[in-house]
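Here is a brisk report on one protein model. Please look at the sequence and the structure first.

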Amino acid sequence: MDKIAAAEVFVAIAERGSMVAAADALDMSRAMVTRYLAEMEEWAGARLLHRTTRRLSLTAAGEVTLVRCRDMLTLAAAMSSAAGEDPDSPHGLLRMACAQFLAQGALAGAVRAFLERYPRTSIDLQVDNRSVNLVEQRIDLAIRITNALEPSMIARRLADCASVVCAAPSYIQKHGEPRMPAELAAHNCLTYNYFGKSLWQFSRDGEGVAVPVGGNLSSNESMALLAATAQGVGISLQPRHAAAPLITEGRLVLLLPDWQAQMLGIYGIYTSRQHMPAALRAMLDFLVDWFHHDPEWLDHA
């Protein structure tokens, strides 16, 4: 038995919570993962996992074996380093998740550049506007734009996301242009289900104001709201990065330019700070640098 491989498989199962997730992370068939686990249990002389239909959990023997397997892998990595290999060099599959806006507006280019820099890595990018469950969906890193992180989340702030209020020239011609935030309450405001659903916040010269808004269209997809805004349906609050090209083209008009809409954070969210894969650590550092040097993003972290 390849005891190093068996130890790596067992650690992956324990950290990711399922054999399927371990197989994906190691780019290995489930049958092979099952075989390595059986051999590890034979080697340990004990059952290492409680198996139920919903989840796996460690037995008492499994807890002890996990510690020893991690020690073994650390020693194996040190041996590789002594032989001239760099165990901390980013490698392997990284499963990421983000919303469509981020995938199109920022991450597509960042992912391409990351893969060029780290050719031993590969990325599975899941594009979904809903918040994902990192453990259940086997996601290593989720990129979210939010100001409402759950206390239990482990997150690194990558950048700030500026927002702007905008409308099509046809809408303004028909309904007039709001000159103050309070006037938005009388307009058809297209709202995003996950942020600012009924209240938009602004600031100017230290003064803050919150405006109740509503309209005949809401969505969980910001790109759909952007398209509807460009077609004259109403006014929307958009990430500046997404709206800027349409404003430049004249298809949208920037409203309330003297007011700053509420700033959002762009976060990288992951499951654990311990035993972080080199590819995940490298991606977090890479994205901070990527946003910092992209002129389309303001007020970077």
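Phe114 is buried, at a relative accessible area of 0%. Buried means under 20% relative accessible area, exposed over 50%, and partly exposed in between (1.4 Å probe, protein chains only). The model is predicted: local features need pLDDT of at least 70, side-chain atom pairs count only at pLDDT 80 or more, and totals for chains, interfaces and linings use all residues. Residues are numbered from 1 along each chain as its sequence is written, and side-chain values use heavy atoms, with hydrogens and water left out.

**Aromatic pairs**

A pair of aromatic rings is described by the distance of the centres and the angle of the planes. Rings of Phe, Tyr and Trp (its six-membered ring) pair if their centres lie within 6.5 Å; planes under 30 degrees apart count as stacked, over 60 as edge-to-face and the rest as tilted. Searching the whole structure gives three aromatic pairs. Two of them involve Phe114.

| Pair | Centre to centre | Angle of planes | Class |
|---|---|---|---|
| Phe114 and Tyr118 | 4.8 Å | 50° | tilted |
| Phe114 and Phe286 | 5.5 Å | 80° | edge-to-face |

Phe114 lies in helix α5 and Phe286 in helix α9 (residues 278–293), so their pair ties together parts that are 172 residues apart in sequence. Helices (H or I, at least four residues) and strands (E, at least two) are DSSP runs, numbered from the N terminus. Both Phe114 and Phe286 are buried. One aromatic cluster holds Phe114, Tyr118, Phe286 and Trp290.

Ala108 counts as partly exposed, at 44% relative accessibility. Leaving aside residues up to four places away in sequence, Ala108 touches Leu102 and Ala103. Contact means heavy atoms within 4.5 Å. From Ala108 to Leu125, 17 residues apart along the chain, the C-alpha separation is 9.4 Å.

Thr65 belongs to helix α4 (residues 60–82). Is Thr65 buried or exposed? Thr65 counts as buried, at 12% relative accessibility. Its contacts, again without residues up to four places away in sequence, are Phe10, Met40, Ala44 and Leu48.

**The sheet**

Three strands make an open antiparallel sheet, ordered β10-β9-β14. β10 (207–212) and β14 (260–261) stand at the edges with a single partner strand each, so one side of each has no neighbour in the sheet. Two strands pair if DSSP finds at least two bridges between them. β9 (residues 199–204) and β14 pair over two bridges. There, Phe202 stands opposite Ala261. Six bridges join β9 to β10. Among the partners, Leu199 faces Pro212 in β10. The hairpin of β9 and β10 has two residues between the strands, and Asp205 takes a positive phi near 50°.
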